[in-house]
Amino acid sequence: MTDAGAPDPRAPGPVTSDELTYESAVARVETIIRRLDSGDAGLRETLELVKEGRGLVEYCAAELEAVSRGLEELRLEDLVNRLETGSATR
């Protein structure tokens, strides 16, 4: 039988840089939030979880920003192509 305060062994553990993806980072942040919300984490564990969570949130924000920039570039390229095509037909 497991201790009710112990972390769920099936929950995602810390993500290594080799396996870090947006999706794995979000899953780990969700696990961290559940652990912190449980109130069972000690002071040192809470500090470590908060540090890890902050890093993961920063990573996710950077990934979202990169995707946003990529989408903006695609929209600009599409606009330029449409303008060029439109001016070529005139």
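The chain folds into two helices and zero strands, where helices (H or I, at least four residues) and strands (E, at least two) are DSSP runs numbered from the N terminus. This is a predicted model, in which local features need pLDDT of at least 70 and side-chain atom pairs count only at pLDDT 80 or more, while totals for chains, interfaces and linings use all residues. Residues are numbered from 1 along each chain as its sequence is written, and side-chain values use heavy atoms, with hydrogens and water left out.

**Whole chain**

Show the surface. The chain exposes about 7200 Å², and carbon and sulfur atoms supply 57% of that area (Shrake-Rupley method, 1.4 Å probe; for residues, only the protein chains shown count as cover). Of the 90 residues, 14% count as buried; buried means under 20% relative accessible area, exposed over 50%, and partly exposed in between (1.4 Å probe, protein chains only). Among contacts with a separation of 6 or more, 56% are between residues 24 or more positions apart, a contact being heavy atoms within 4.5 Å.

**Between the helices**

The structure holds five salt bridges, each a side-chain nitrogen of Lys or Arg within 4 Å of a carboxyl oxygen of Asp or Glu. Select Glu 52 and Arg 28, which form one with the closest N and O atoms 2.8 Å apart. This pair links distant parts of the chain, since Glu 52 is in helix H2 and Arg 28, 24 residues apart from it, is in helix H1 (residues 22–38). Arg 28 is buried, at a relative accessible area of 8%.

Next, select Glu 45 and Arg 35, another salt bridge, with its closest N and O atoms 2.9 Å apart. Here too distant parts of the chain are linked: Glu 45 lies in helix H2 and Arg 35 in helix H1, ten residues apart. Glu 45 counts as partly exposed at 29% relative accessibility, whereas Arg 35 is buried at 15%.

**Along helix H2**

Move to Asp 78 and Arg 82, whose side chains meet in a salt bridge (3.5 Å, N to O). Because they are four residues apart in helix H2, about one helical turn separates them. Asp 78 is partly exposed at 39% relative accessibility, and Arg 82 is exposed at 54%.

**A nonpolar patch**

Finally, select Val 67, Leu 71 and Leu 74, which form a nonpolar surface patch with about 280 Å² of accessible area together. Patches are made of residues with over 30% relative accessible area and no salt bridge, joining like charges within 9 Å and nonpolar side chains (Val, Leu, Ile, Met, Phe, Trp, Tyr) within 5 Å. Leu 71 belongs to helix H2 (residues 43–88) and is partly exposed, at 42% relative accessibility.
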